[in-house]
Every structure is written in C-alpha cells, then in structure tokens.
Amino acid sequence: MKVLAVCGMGLGSSLILKMNIEKAMEEEGIKGTVEVRDLSSIQGERADFIFASEEIAAKIEHNAEVYSVKNMTDKKEIKEKILEASQRGEN
Amino acid sequence: MALVNFIVFEILGEPALLVGMMALIGLAALKKPFSKIVSGTLKSVLGFVILGAGANVLVGSLNNLGPMIQQTFNIQGVIPTNEAIVALAQQTFGRETALIMGFGFIANLIYARLTPFKYVFLTGHHIFFMAALLSAVLGTAGMTGIPLIVVGALILGFVMVLFPAIGDPFMKKITGGDDIAIGHFGTTGYVAAGLVGKLVGDPEDSTEKMEFSDSLSFLKESVLSTMLTMIVIFFIISLAASEEVFREYAGDQSIFLFSLMQGITFAAGVSIILSGVRMIIGEIVPAFQGIAEKLVPDAKPALDCPVTFPYAPNAVIIGFLFSFLGGIIGMFFLGPIGLSLIIPGMVPHFFTGATAGVFGNATGGKKGAMLGGFVNGLLITFLPAMLLPVLGQLGFANTTFGDADFGVVGIVIGFIARLFA
C-alpha cells in the first residue's frame, strides 16, 4: 500500500511522521511505501492512505482515506492507525 | 591513485555528488538494501540539481522587485526567504555547505554523547540552511578550505544541541512531558516569547479557552501563502513606483497582471526549491536518525516547530497575527536607524510567530501569546537586517535568512571571525 505523510511544507513534521510510520510498518510486517508531501501537491496523486496532523488533515480532500494523527511522535497511536489502515487495505 | 583523484577532484568538487555521497554513506552504514541505497543516493543528487533550477526561476522575479524598491525608496528591500537565499548560496558555497552539513551531523552526535545536551536535531532543512549560513559567514570573514569546514561543522553541531537545550524548559511546559525538544532555528524568538509571557501574563488565562474560527488556516499551506504575499508586495511596490520605473520592469503589462505573474513566479521558484530540499533531506535525515539511535540512544529528538501547534491551536493564530504586526511596525523603524528594509514575509511570520504564540501562551496565557508573537515579529525583522553585512556578496541578494537563530548565529560568528581575520 502507498501512504502519504503530509504537512504544510512537506519537510519537517511530515518527515518525522513518515519515519514513525515506516518503523511501525516494519515492526508489524506491513508492506508498502511512505512518501512525504506538502499540502499543495497531493491533489491528483494516487495513494491508498494519507496521514497528517489533525489541523492539516481537516483541510485534505482526497480519494484516499485520511487518518489524522494527534501526536506524530506517539508511536503507539501511529501503530494503531497504520494497523487499522492495513486491515482496510486488505478488504 | 586514479580512484583517489577521481573522488577528491571529481566528486568532492561537485556539490550535488557530494550530497549524494553523504546519503550513500548514511544508508550504507544502516545496512539498507542495495536498491534503497541506490535510489536514496540518486534522489538526493537530483534534489540538489532541482534546488539550483528553482533558484533561477525565483531570481527572475526577485531581480524585478529588488531594483524597483531601490529606485523608488532609495533603500535596499529584502524579503527574508530561507529557501531563496540558501539556493543562491549554493552557487558559491555548495561544496562547503554540503561538507559542513555532513560533518555537522557527526559533531551533533559527539556533543549529544559527551555533554549533558542530549539532543539529536532532526529538522533537516534547517540543518541545511544553517550549514549554508555558516559557509557564507565564515567564507566572507576570509576562511577557506579545511579550517572553514571544521570550524563550520563544530559550530553547526553545537547550535544543533544548544538551541533545543535552551527551548527545552518551555517545551516541557507546553507538551506536559519530556519526550520531544524543539529543533527549529527560530528558538531565540520562542524563548523570548516564553520569557515575555512569564513577565506579562498568567498561563491559566490560556488562549485555548477562546473560540476561534480557522479561516486563517490556509496560511499553513506555505506555497500558497508565499504566493499571496508576493502578489500583494509586488502590487504595493508597483503602485509606489514611478511610471518610468514600473515600465522598465513590467513592459506593457498592467499593474494587476504584472503583480499577479511575478508573485506566482516567485512562489513557483520556492515550490521547486522546496521539492529539491525535500528530496535531499528525505534521504539524509532518516539515515542520520537511524545512526543517532544506535550511537546516542538516550538522546531526545529535536523536531520541527509545527509539532507544537496541536498543543495550542488558538495561540498559533494569535502568535502569527501579532508577529506579523511586529514585523510591520518594526519595518518602519529600520530606515531611520540606517538598516535595510525587511519586508515581512508570510511564511517566516506564520511558522515562527505561531510557535512563539504557543511558547508565550504556555507561560503567560493570552497576553503571553500576543506579546510573545509581537516580540518574535520584531526579532525576525531586526535580526535579518543586522545579518546582511556579515553575508558579504550574498547580503546584496534582496533576500536573506528569515528565522531568528540564523540572525543571532550569523551576527555572533561574523563578529568573532572578524576579530581573528
């Protein structure tokens, strides 16, 4: 599955988010790629899931399912959400 | 011998390849799969080349605005935009920047391992910007070659643990925990906001007890807010300029069309540069973090400023508005005291003003967020103006580094370097 990690600039917090998502996916044995984007450049991009902080997630309109993350350094929260996403991805 | 020559003169001579080599070393040290090493290395090389292309687009617009301001107001007009000044600096100091950044990572790890400052600075674009600043300041002061790189890397590594350490007491208050530090070179403004907040207000009187519309949230989209600001700035300057000056740059275009297209061109340049920076640091930062976790497992990650936003979303808006206000008021005092005109940019005021608001709110509630944001706005107006003389040739570029710590570090290092030169 393909995941986009999104923030305002696509440089700082989204990169932290991406690293934590990748770590969680590796630990759970979920296969896929995670890429960072800024808010302006996700339109027209194909993805299965989008992860972003709450205030960014509220602004995203996209075909892919959007997950909002309260705390992007909270590995537990991210792991729960990526597990949920991967289960949906299989159905 | 041929191989050594090839590495030293061909690869080290070309900044793009040098950046690629750093990604290569980082990824290889983490024992990533071969395909990942190849793609990561190539992406960061590509990112560096994209950066240069973006600079060319942006300069097309900047080279209209700067002279228009000069001819109209007889003062140098500067719009602080980190991406722009860093992309321009790469044309002269590309190799130095890349090497200072690479060795700066190592210096950060050494400090984190040996001193009580246990932080690993993970905001890659700011490390890159600071490396560019240090190359320019030390280079202007007359340093070259290996001393420049060693001194630059030692300073870079030091500020990568120093600023998170200064911000940490406030971060504990904001997050209510001890898991993350602030890793953003606007920390001077944030700490000033936190201190001002402590003086004027009460944390119980929090901004988060207010009701707020989020109509300003589009500002988070940095390319969009850059574009809107630049259109407005071009429009105002075009109106102020004489017909003759305006025609010299706009040709037959109307004021409206000229401002619109110049603003869009500027933002397009920033957008290209950002995508280049993204490709560079997207590979290097995870490698750095992976290595840091092995070598300094007890270090705290120092992260980009938007990580503070969820703790006080209202303070984000208040901080931005008051920072921008500080920037506008401060602007009118620059000319009379003989400094260049620093035109407030949306992006630095949004990101650092918002964070200053969060810091001010944590120590002084509403009043703290307002005054803290305002003080940050003054700082990121006066510091960039005072930074220009130590940047040498780059100081005439009509753009400069936006965030407070770049100003503080540049001015201090420039001053010290001149004592020895």
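Predicted model: local features only at pLDDT ≥ 70, side-chain atom pairs only at ≥ 80, totals over all residues.

Student: At roughly what angle do the axes of helix α6 and helix α7 of chain B cross?

Tutor: Residues are numbered from 1 along each chain as its sequence is written, while chains are lettered from A and ligands numbered from 1 in the order in which they are written. Helices (H or I, at least four residues) and strands (E, at least two) are DSSP runs, numbered from the N terminus. Axes are lines fitted to C-alpha atoms, for helices over the stretch in contact, with angles from 0 to 180 degrees between N-to-C directions. Here, helix α6 (residues 145-175) and helix α7 (residues 187-200) of chain B have axes that come within 10 Å and cross at roughly 25°. That makes α6(B) roughly parallel to α7(B), a term for angles under 35 degrees.

Student: Which residues of α6(B) and α7(B) meet?

Tutor: Two residues are in contact if their C-beta atoms, placed from the backbone, lie within 7 Å. From α6(B), Phe163(B), Ile166(B), Gly167(B) and Phe170(B) meet Thr187(B), Tyr190(B), Val191(B) and Gly194(B) of α7(B). By class, this contact has five nonpolar, three polar and no charged residues. Ala, Val, Leu, Ile, Met, Phe, Trp, Tyr, Cys and Pro count as nonpolar, Asp, Glu, Lys and Arg as charged, and the others, Gly among them, as polar.

Student: How many residues of chain B are in contact with chain A?

Tutor: In chain B, 27 residues are in contact with 22 residues of chain A. On the side of chain B that touches chain A, α5 (124-140), α8 (222-240) and α10 (255-295) of chain B each supply at least two residues. The largest share, eight residues, comes from α10(B). The residues of this side divide into 15 nonpolar, seven polar and five charged.

Student: In what order do β2, β3 and β4 of chain B stand in their sheet?

Tutor: Two strands pair if DSSP finds at least two bridges between them. In chain B, three strands form an open sheet in the order β2-β4-β3, with parallel pairing. The edge strands, β2 (119-121) and β3 (181-182) of chain B, each pair on one side only. Between β3(B) and strand β4 (residues 300-303) of chain B there are two bridges in the parallel sense, and Ile182(B) has Leu303(B) as its bridge partner.

Student: Is strand β3 of chain A mostly covered or uncovered?

Tutor: A residue is buried if 20 or more other C-beta atoms lie within 10 Å of its own, exposed if 12 or fewer, and partly exposed in between; C-beta atoms are placed from the backbone. Strand β3 (residues 49-53) of chain A is mostly covered, as five of its five residues are buried. Four bridges join β3(A) to strand β1 (residues 2-7) of chain A in parallel, and five join β3(A) to strand β4 (residues 65-69) of chain A, also parallel.

Definitions and conventions. Parallel < 35°, antiparallel > 145°, perpendicular 65-115°, else oblique.
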